[in-house]
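Please keep the sequence and the model in view while reading.

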Amino acid sequence: IMDVLVTEINKIPYFISINDIEMIFLREEVSFFRVPLSKPFLVLNNKLVPVIEPGIFFPNQGNKSVGREVFITFSYQGRTHALLLDDLLVRTQIVFCPLPSKLVGKENFISGSALLSTGKVGHLLDLPALVEHHLGLK
């Protein structure tokens with residue numbers, strides 16, 4: 001059993017462990033910008049924080065959620081990162097089923113799945129894997 005925040009990316013539910021989250025901001029509460037030929041950043045406590053945009057990893061296919069865009073911040077290898085989400089849905093406890101190794105690819109950011117009370121399947125985001133891939137993108 002894990003305490004998670006249920007989020008939404010392109011109308012698909014994803015789970016993020018509550019223990020991984022440092023802060024949550026609405027998009028309009030922070031300065032978000034793009035530097036030419038670089039990845040996007042936000043300014044937090046007078047420091048630049050790299051932003052991971054899920055569209056890079058999870059194709060939109062016209063399914064963008066209509067919720068409030070939010071950032072969550074988390075730490076990985078001593079550095080703060082931000083993930084842009086389409087919406088936050090609820091905080092809950094979930095029992096996960098790990099994915100079989102044959103379903104996990106080299107660029108997989110999902111470490112498990114669970115069934116929501118709505119009948120939808122949600123996936124547990126592996127934030128370190130997401131950061132590692134994001135840092136490797138040019």
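Phe33 has a relative accessibility of 30% and therefore counts as partly exposed, a class that lies between buried (under 20% relative accessible area) and exposed (over 50%), with a 1.4 Å probe and protein chains only. The residue is placed in strand E4, residues 31-34; strands are DSSP runs of at least two residues, numbered from the N terminus. The model is predicted, so that local features need pLDDT of at least 70 and side-chain atom pairs count only at pLDDT 80 or more, while totals for chains, interfaces and linings use all residues. Residues are numbered from 1 along each chain as its sequence is written, and side-chain values use heavy atoms, with hydrogens and water left out.

The structure holds three aromatic pairs, defined by ring centres of Phe, Tyr or Trp (its six-membered ring) within 6.5 Å; planes under 30 degrees apart are stacked, over 60 edge-to-face and the rest tilted. For Phe32 and Phe71 the centres are 5.4 Å apart and the planes stand at 50 degrees, so this pair is tilted. Phe32 is buried at 18% relative accessible area, and Phe71 is buried at 0%.

Strand E7, residues 70-76, also holds Thr73, which counts as buried because its relative accessibility is 0%. Beyond residues up to four places away in sequence, Thr73 touches Asp20, Ile21, Glu22, Met23, Phe25, Leu44, Thr80, His81 and Ala82, where contact means heavy atoms within 4.5 Å.

Methods: Helices (H or I, at least four residues) and strands (E, at least two) are DSSP runs, numbered from the N terminus.
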